[in-house]
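Please look at the structure below before reading the notes.

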Amino acid sequence: MEEQQYTMYKDMDAEQIARKFWGADYLVDLVMMVGLGFVIIAAAWMANMGQTWAFIPATIIAFFVFVALNARRLRNFAGLQGILMVDCDSQKMERVCQLSAKRTKKGAERTRFRTLHGMAMVLNGKPDEALEVIDGIQGKLQAADALNVKSVRAAAFRMKGDVQGMQAMVNDVQAIHDGLPEGNPLKGAAGYLLAQLDFAIALDKGDWEAAEHALEHVENQAAAPERLVEAAYSHALLLDAQGKPDEARPHFEEVAAKGGTLVIRDRAREWLDAHPGQAKLEG
């Protein structure tokens with residue numbers, strides 16, 4: 001079994017992580033304000049000296065300062081997501097989101113944190129609470145944020161076993177997928193979400209061929225550790241439903257070993273404990 005890699009947050013508790021993340025975020029704000037202040041002062045001084053052309057490069061510099069620092073903020077957030085996607089620690093991720101709720105600004109930042117909070121809750125086995133969180137997201141969303149909201153909703157329906165809810169989502173997600181140009185990363189994300197929905201629906205119907213086809217898509221696109229664990233769990237469920245417990249066992253074992261604090265890890269361990277020939281896994 002390959003050694004699992006972790007984020008820098010692995011050995012930190014939620015309170016430490018929140019302080020570190022928001023300290024870095026405030027630093028970005030400070031650098032942005034100070035940097036833009038210097039640019040404005042310099043441009044005003046040169047304009048006072050009769051060099052009015054200085055406003056043009058000053059505006060360009062200010063724009064690139066804003067873009068660079070905003071990109072830094074997004075990288076920091078992507079690193080924070082690693083708690084869930086790399087460490088598979090949905091419990092810690094949920095707590096960090098709780099601690100961050102009052103600090104998030106309006107707009108895109110709040111939407112990103114709410115969808116992350118919702119996904120963490122789903123993977124903690126709290127789909128109804130997750131749906132309440134994302135139902136609070138209002139206003140027009142960017143394409144990426146809209147797709148993330150649908151991902152949380154779809155994950156909640158899968159966790160609940162709400163096939164009717166999943167079926168109602170398929171056409172919407174398909175429309176998003178078809179409306180995106182080839183090469184757009186969001187098109188791949190929409191395709192992945194469609195495959196997850198198709199798999200869960202086909203599994204419920206007992207349509208093994210369709211389930212296997214959708215699962216192949218999911219497994220081919222899964223890259224982050226959390227997605228690999230989810231794919232292994234889906235594979236185990238399919239084999240178990242087909243009456244192949246011996247083939248399902250290694251997939252359940254993978255989930256039990258690598259699932260962090262995800263609720264599917266506990267479900268995998270329950271399955272292993274319930275089936276003869278497999279030693280019980282201690283928590």
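Helix α10 passes helix α11 in a left-handed crossing, a term used when the near helix is turned anticlockwise from the far one by less than a right angle (right-handed if clockwise). This is a predicted model, in which local features need pLDDT of at least 70, side-chain atom pairs count only at pLDDT 80 or more, and totals for chains, interfaces and linings use all residues. Residues are numbered from 1 along each chain as its sequence is written, and side-chain values use heavy atoms, with hydrogens and water left out.

**Helices α10 and α11**

- Helix α10 covers residues 225–241 and helix α11 residues 245–258; helices are DSSP runs (H or I, at least four residues) numbered from the N terminus.
- The two pack at an angle of about 155°, with their axes 8 Å apart; axes are lines fitted to C-alpha atoms over the stretch in contact, and angles run from 0 to 180 degrees between N-to-C directions.
- That angle makes α10 roughly antiparallel to α11 (over 145 degrees; under 35 is roughly parallel, 65 to 115 roughly perpendicular, the rest oblique).
- Residues in contact (heavy atoms within 4.5 Å) include Tyr233 and Ala236 of α10 and His251 and Phe252 of α11.
- By class, this contact has 10 nonpolar, 2 polar and 4 charged residues; Ala, Val, Leu, Ile, Met, Phe, Trp, Tyr, Cys and Pro count as nonpolar, Asp, Glu, Lys and Arg as charged, and the others, Gly among them, as polar.

**Helices α8 and α10**

- Helix α8 (residues 185–205) packs with α10 at an angle of about 20°, the axes being 11 Å apart.
- The two are therefore roughly parallel, and their crossing is left-handed.
- Tyr192, Gln196, Phe199 and Leu203 in α8 meet residues of α10 including Arg227 and Leu238.
- This contact of α8 with α10 divides into 6 nonpolar, 2 polar and 2 charged residues.

**Nonpolar cores**

- The largest nonpolar core has 61 residues, of which Leu80, Met93, Leu197 and Phe252 touch the most other members; a core is a set of buried Ala, Val, Leu, Ile, Met, Phe, Trp, Tyr and Cys residues joined through side-chain atoms within 4.5 Å.
- Helix α6 (residues 143–160) gives the most to this core, with 8 residues.
- A second, separate core of 6 residues includes Phe199 and Leu238.

**Leu262**

- Leu262 lies in the loop between α11 and α12 (263–274).
- Leu262 is buried, with a relative accessible area of 1% (buried is under 20%, exposed over 50%, partly exposed in between, with a 1.4 Å probe and protein chains only).
- The C-alpha atoms of Leu262 and Asp89 are separated by 6.5 Å, though the two are 173 residues apart along the chain.
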